[in-house]
Amino acid sequence: MVLISLAILFAAIGALSLTGSDETEEPAAQAKTSAAQQAPASSTAAQPPAAAQPPASATRTSAPTPTGNPTDVEVRVLNNSNVSGLAAETAATLTSEGWNIAETGNFSESQIAQTTVYYDTSSGAQAAAQQISTQLGVAAFPRPTTLSSFGEGVIVVVTE
């Protein structure tokens with residue numbers, strides 16, 4: 001079915017190119033067309049719609065990888081939103097960057113306005129928090145007392 005759809009798509013593109021239209025395509029349309037032509041059939045069908053992408057606060061920005069030893073600092077990722085699985089998605093991103101995720105869970109004691117990285121005064125926690133905040137594109141602050149029950153290290157509170 002996918003191959004038939006691709007064959008129809010290529011036939012339509014071929015027919016349009018033969019008509020000699022003087023109108024120029026928009027750059028975005030050209031990029032979509034070339035991407036569709038180069039993508040194999042299996043990857044075209046497997047791509048989720050844009051709405052299914054994780055929120056920007058949970059995605060990785062193109063930041064450098066940690067310069068210290070990320071496994072020395074424990075990181076806890078807490079979900080402070082109504083988006084199910086947001087802490088797990090962020091934890092997976094941080095794990096792929098080499099961070100030691102000690103815990104994921106929910107934080108509902110208070111509402112935090114935006115995704116934030118918090119650190120305690122333990123050795124290396126502030127530097128690790130700064131690296132994580134750069135990777136996630138969010139701010140880092142000293143840990144408030146409302147998060148004191150979560151142990152040492154870095155706490156990432158993710159929101160929508």
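Trainee: Which strands does helix 5 lie across?

Mentor: This is a predicted model. In it, helix 5, residues 125–136, lies across strand 1, strand 3, strand 4 and strand 5. Its direction is at about 175° to strand 3.

Trainee: And helix 4, what does that lie across?

Mentor: Helix 4 covers residues 86–96. It lies across strand 1 (74–79), strand 2 and strand 5. The angle to strand 1 is about 155°.

Trainee: What's the strand order in the sheet?

Mentor: The order is 2-1-5-3-4. The sheet is open, has five strands and shows mixed pairing. Strand 2 (100–106) and strand 4 (139–142) each have a single partner strand, so one side of each has no neighbour in the sheet. From one strand to the next, the twist averages 25°.

Trainee: How many bridges join strand 3 to strand 5?

Mentor: Four, and the two strands run antiparallel. Strand 3 is residues 116–119 and strand 5 is residues 154–158. Thr116 has Val157 as its bridge partner in strand 5.

Trainee: New topic. Which residues have the most contacts inside the largest nonpolar core?

Mentor: Val75, Val77, Leu94, Val117, Ile132, Val154 and Val156. That core has 20 residues. Strand 1, helix 4, strand 3, helix 5 and strand 5 each give two or more. Helix 5 gives the largest share, five residues.

Trainee: What is Leu94 in contact with, leaving aside neighbours within four places in sequence?

Mentor: Val75, Val77, Trp99, Ile101, Ile132, Gln135, Leu136 and Val156.

Trainee: Which residues are in the other core?

Mentor: That one lies apart and has eight residues, including Phe107, Tyr118, Ile155 and Val157.

Methods. Residues numbered from 1 in each chain as written. Predicted model: local features only at pLDDT ≥ 70, side-chain atom pairs only at ≥ 80, totals over all residues. Heavy atoms only, no water. Pairing = 2+ DSSP bridges. Axes fitted to C-alpha atoms, helices over the stretch in contact; angles between N-to-C directions. Contact = heavy atoms within 4.5 Å. Core = buried A, V, L, I, M, F, W, Y, C linked by side-chain atoms within 4.5 Å. Buried < 20%, exposed > 50% of the residue type's maximum accessible area, 1.4 Å probe, protein only.
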